[in-house]
Amino acid sequence: MEFNRNLYYIEVIPFEDKSEKDDTGSYEYYYKGKHLLFRSEKERIRARIYEGEDVISFSKNPALIFGKDLEKLKEYLNEKYGMKKLGFFNKESSSYVNL
């Protein structure tokens, strides 16, 4: 897919993260979702989608990577995965930023 005049390949890798089962056979925590890797010849950016959520979390600010095509990215993610919100963790301020 093309964003900001760069061709990006998008890899989707399903994941599960769960604790050990307790005595009752239940998990203390259980997460399921998809890791997405957007890569071009110049850039790489990772993202994570948790099952049942409408937020996609990027490893860094996607606006810096996708530039003017950020809206195009939002439309793609909403259409393909039902993602309505984008965000990333800002390491400098140690806070989560919604876009």
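Colleague: How many residues does the hairpin use to join strand 4 to strand 5?
Modeller: The model is predicted, so local features need pLDDT of at least 70 and side-chain atom pairs pLDDT 80 or more, while totals for chains, interfaces and linings use all residues. Residues are numbered from 1 along each chain as its sequence is written, and side-chain values use heavy atoms, without hydrogens or water. Strands are DSSP runs of E (at least two residues) and helices runs of H or I (at least four), numbered from the N terminus. The hairpin that joins strand 4 to strand 5 passes through 4 residues.

Colleague: Which residue in strand 5 stands opposite phenylalanine 38?
Modeller: Strand 4 and strand 5 run antiparallel and are joined by 7 bridges; two strands pair if DSSP finds at least two bridges between them. In strand 5, the residue opposite phenylalanine 38 is isoleucine 45.

Colleague: Which residue of strand 4 is the bridge partner of tyrosine 9?
Modeller: Strand 3 and strand 4 pair over 10 bridges in the antiparallel sense. On the strand 4 side, tyrosine 9 has as its bridge partner arginine 39.

Colleague: Which strands are the edge strands of the open sheet?
Modeller: The open sheet is formed by 6 strands in the order 3-4-5-6-7-8, with mixed pairing. Two of its strands pair on one side only, namely strand 3 and strand 8 (95-98).

Colleague: What is the average twist from one strand to the next?
Modeller: Axes are lines fitted to C-alpha atoms, for helices over the stretch in contact, and angles run from 0 to 180 degrees between N-to-C directions. In the open sheet of 6 strands, the twist from one strand to the next averages 25°.

Colleague: At about what angle does helix 2 run to strand 4?
Modeller: Helix 2 spans residues 70-81 and lies across strand 3, strand 4, strand 5, strand 6 and strand 7 (85-90). Contact here means heavy atoms within 4.5 Å. Relative to strand 4, helix 2 runs at about 140°.

Colleague: How many residues apart are phenylalanine 38 and phenylalanine 66?
Modeller: A search of the whole structure finds 10 aromatic pairs, with ring centres of Phe, Tyr or Trp (its six-membered ring) within 6.5 Å and planes under 30 degrees apart counted as stacked, over 60 as edge-to-face and the rest as tilted. Phenylalanine 38 and phenylalanine 66 form an edge-to-face pair, at 5.7 Å centre to centre and 75° between the planes. This pair links strand 4, which holds phenylalanine 38, to helix 1 (residues 62-66), which holds phenylalanine 66.
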